[in-house]
Amino acid sequence: MADASAPASTEVLRLAGVRKSFGVGTPREVEVLHGVDLVLQRGEFCALIGPSGSGKSTMLNLIGLLDRPTAGTLFIEGQDTRTLDDAALTRLRGRNIGFVFQHHHLIGAFTAAENVMMPLLLDRRRPDAAMRRIAEGLLDRVGLLPWKDSRVGNLSGGQQQRVAIARALAMYPPLVLADEPTGNLDTKSADGVFDLLREMNQTSRTTFLIVTHDPRLAQRCDRIIEVVDGRIVADGAVPAPRRIAAS
Ligand SMILES: Nc1ncnc2c1ncn2[C@@H]1O[C@H](COP(=O)(O)OP(=O)(O)O)[C@@H](O)[C@H]1O
Ligand SMILES: [Mg+2]
């Protein structure tokens, strides 16, 4: 029986007719996304693939509320973002979206625990003991508890990416966006980081949208969305046997 207290919809993200142009009103105006429709449900683990310059990062920036569409609508957790001012967008982003970038944007002079606490600090304004417990719990999950007090500048690339993953999850966001999270790692570290994303997806039902150039990693996702020249040209489930073979 359905739980009456559960939200009726399990949609985490909806894009409808989303377009994005750069240089609007200048002679160099160019449209790079030409009407994107996309729905992600809670708990989906999706790869976003496509050639360089096809619009993947632009799409991620829109979904991450770092930029606004030129046209079309974007819903996060059922909330229409069109009507929101910048402060409301910042709040919605902080509470609902985690980011993992290829270049992790960690603060090298801060410790691993301090970096993971950062999103909590931005949301709650002042540090408290609960924040540190959350940060240490996440560092434990990514296998870095012994490094909690190390400056991230002293950690390896793979370790830094694990800190970035812990930080992305600090607010337990329903949606995590990852732009080539394994792009600058060796194969073994890349596999480890990818396994970790998958584990987070399975234990927390977090929805993931992961840009990757690596076809083998894409095959390990539940669903592959392919963008070419600013349009989604393919979107389908990865059959379980193929997913298992790639793992
Ligand atoms: N700020 C910007 N101003 C102008 N053009 C941009 C800007 N950002 C991206 N583009 C262009 O949009 C297209 C898509 O870029 P991008 O989303 O970064 O592609 P991808 O991430 O798939 O490699 C490219 O042609 C790129 O040059
Ligand atoms: Mg890109």
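A polar contact is a pair of N or O atoms within 3.5 Å. With that in hand, welcome to this structure, which is a predicted model.

**Around ligand 1**

- Serine 54 meets the cut-off above, because a polar atom of its backbone is 3.2 Å from an oxygen atom of ligand 1.
- Serine 57 also uses its backbone: one of its N or O atoms there lies 2.9 Å from an oxygen atom of ligand 1.
- Threonine 58 reaches ligand 1 with its side chain instead, where an N or O atom is 2.6 Å from an oxygen atom of the ligand.
- On its own, ligand 1 has 560 Å² of accessible area, and the protein covers 55% of that.
- The residues around ligand 1 include Phe22 and Val32, and also the run Pro51, Ser52, Gly53, Ser54, Gly55, Lys56, Ser57 and Thr58.
- Sorted by class, this shell has 6 polar, 3 nonpolar and 1 charged residues.
- Helix H1, covering residues 56-63, gives the most to the shell, with 3 residues.

- Phenylalanine 45 counts as buried because its relative accessibility is 0%, and phenylalanine 194 counts as buried because its value is 2%.
- Phenylalanine 45 also pairs edge-to-face with phenylalanine 208, at 5.5 Å centre to centre and 65 degrees between the planes.
- Because phenylalanine 45 lies in strand S3 and phenylalanine 208 in strand S8 (residues 207-211), this second pair ties together parts that are 163 residues apart in sequence.
- Like phenylalanine 45, phenylalanine 208 is buried.

**Glutamine 79**

- Setting aside neighbours within four places in sequence, glutamine 79 is in contact with Leu74, Leu84 and Leu92.
- Between glutamine 79 and glutamate 180 there are 101 residues of separation in sequence and 27 Å in space, C-alpha to C-alpha.

Terms used
Residues numbered from 1 in each chain as written. Chains lettered and ligands numbered in written order. Predicted model: local features only at pLDDT ≥ 70, side-chain atom pairs only at ≥ 80, totals over all residues. Heavy atoms only, no water. Contact = heavy atoms within 4.5 Å. Near = heavy atom within 4 Å. Polar contact = N/O pair within 3.5 Å; in protein donor to acceptor, adjacent residues only side chain to side chain. Areas by Shrake-Rupley, 256 points an atom, 1.4 Å probe, with all protein chains shown as cover. Helix = DSSP H or I, 4+ residues; strand = E, 2+ residues; numbered from the N terminus. Nonpolar A, V, L, I, M, F, W, Y, C, P; charged D, E, K, R; others polar. Buried < 20%, exposed > 50% of the residue type's maximum accessible area, 1.4 Å probe, protein only. Phe/Tyr/Trp six-rings, centres within 6.5 Å; stacked < 30°, edge-to-face > 60°.
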